[in-house]
Amino acid sequence: MDASWITGHTQLTGLLGSPVAHSLSPRMHNTAYRLLGLDYVYLCFDVTESTLTEAVRGLKACGIRGFNLTMPNKNRMLELLDECTPAARLTGAVNTVVQENGKLIGYNTDGTGFLRSLQEAGTEIYGKRTMLLGAGGAASSIAVQSALDGASELIIFLRTGSRFFERTKQLADVLNRDTSCTVQLCDIEDISCLREQVGKSDVLINATPVGMEPETDRCLIRDPAWLPPGLTVADIIYHPQKTKLLKFAEKAGCRICPGLGMLLHQGAEAFRIWTGQEMPLEQIRDILWQHG
Ligand code: NAP
């Protein structure tokens, strides 16, 4: 592979996580850098929780421009930062870091990326009664940004024995206190509650892995008849590109929002933070849809 364009001035960006070899992010960012003629490169680093501190210290000393974090490093990164945004602080997780004048500044672009993809699908979160399935890393980013951006109500469905239960209860208290959004928690295994709430909501978001490859025949919504046609249905899973939930939603006449849109827009925001430029979205979208 030709790497002769890399010079002494090339700025380093990358991804810190484990595993990372399967990631689409190098393809997304390196293609965008080349299309815009930017002297940047994006690499993957297999970094676990036990090597994160050392890796961040070394990359910072080497002058890295910025990096993304994925599992298992999004939460641990918070304590290694000099500054972070309110959304990252509230979520307790960071997926993008930029180095400015020797300081590491953390962002969470998952929530904003998701809301941009929802907007692109034709739905604004402002004033919407929103149901969120799941309470993990991605769900909490979406919950925080939805509340900050004016969702009227947020009903978070999770398992009562969830490892995220206490954290989600605390997050709901903070969002109820500090934003105009009313947040409540419900048991995701209570089928009649799930069905009743779907019928009363404007937006439904699946932020669990249910329906992801290889178990593509799974869906937390049992029947397309539960879905009113005015509902917008989003699934953040992108393997497969169209989940069983989204197929149900299409059948019910709902507007749909597939997970590759969130992947694209969270990356585009990181790109803007590092380079100050807009990612060429349409070309990168084509690449993600071919390879995603
Ligand atoms: P995570 O932190 O592990 O959270 C997963 C959540 O789903 C937890 O609340 C978990 O509940 C719940 N869950 C799992 N299996 C369930 C089941 N059978 N029934 C009900 N709830 C269940 O994972 P994550 O990082 O948030 O990722 C979630 C999904 O989003 C993954 O498929 C990931 O690939 C995708 N994702 C997509 C993007 C994108 O850009 N499109 C970005 C990030 C993540 P318990 O605590 O009870 O297990």
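**Exercise 1. Find the ring under Arg34 and state the distance to the ring centre.**

Solution. Arg34 lies over the face of Trp5. The distance to the ring centre is 3.5 Å. The model is predicted, and the value is computed from it.

**Exercise 2. Compare the reach of helix α1 with its expected span.**

Solution. 
1. Helix α1 covers residues 25-36, twelve residues in total.
2. Just after the helix, Gly37 has a positive phi of about 65 degrees.

**Exercise 3. List the buried residues of α1 and the elements they pack against.**

Solution. 
1. Buried means under 20% relative accessible area.
2. In α1, the buried residues are Ser25, Pro26, Met28, His29, Asn30, Ala32 and Tyr33.
3. Their packing partners are the strands β1 (11-17), β2 (40-46) and β3 (66-69), together with the helices α9 (260-275) and α10 (281-291).

**Exercise 4. Classify the aromatic pair of Tyr42 and Trp274, and state which parts it ties together.**

Solution. 
1. The structure has three aromatic pairs.
2. In one of them, Tyr42 and Trp274 are 6.0 Å apart centre to centre, with 45 degrees between the planes.
3. Planes under 30 degrees apart count as stacked and over 60 as edge-to-face; the pair of Tyr42 and Trp274 is tilted.
4. Tyr42 lies in strand β2 and Trp274 in helix α9, so the pair joins parts 232 residues apart in sequence.
5. Tyr42 is buried at 1% relative accessible area, and Trp274 is buried at 1% as well.

**Exercise 5. Which residues do ring pairs link into a cluster?**

Solution. Tyr33, Tyr40 and Phe271 form the cluster. Tyr33 is also among the buried residues of α1.

Notes
Residues are numbered from 1 along each chain as its sequence is written. This is a predicted model: local features need pLDDT of at least 70, side-chain atom pairs count only at pLDDT 80 or more; totals for chains, interfaces and linings use all residues. Side-chain values use heavy atoms; hydrogens and water are left out. Helices (H or I, at least four residues) and strands (E, at least two) are DSSP runs, numbered from the N terminus. The expected span of a helix is 1.5 Å times one less than its number of residues. Buried means under 20% relative accessible area, exposed over 50%, partly exposed in between (1.4 Å probe, protein chains only). Contact means heavy atoms within 4.5 Å. Rings of Phe, Tyr and Trp (its six-membered ring) pair if their centres lie within 6.5 Å; planes under 30 degrees apart count as stacked, over 60 as edge-to-face and the rest as tilted. A charge sits over a ring if NZ of Lys or CZ of Arg is within 6 Å of the ring centre and within 35 degrees of the ring normal.
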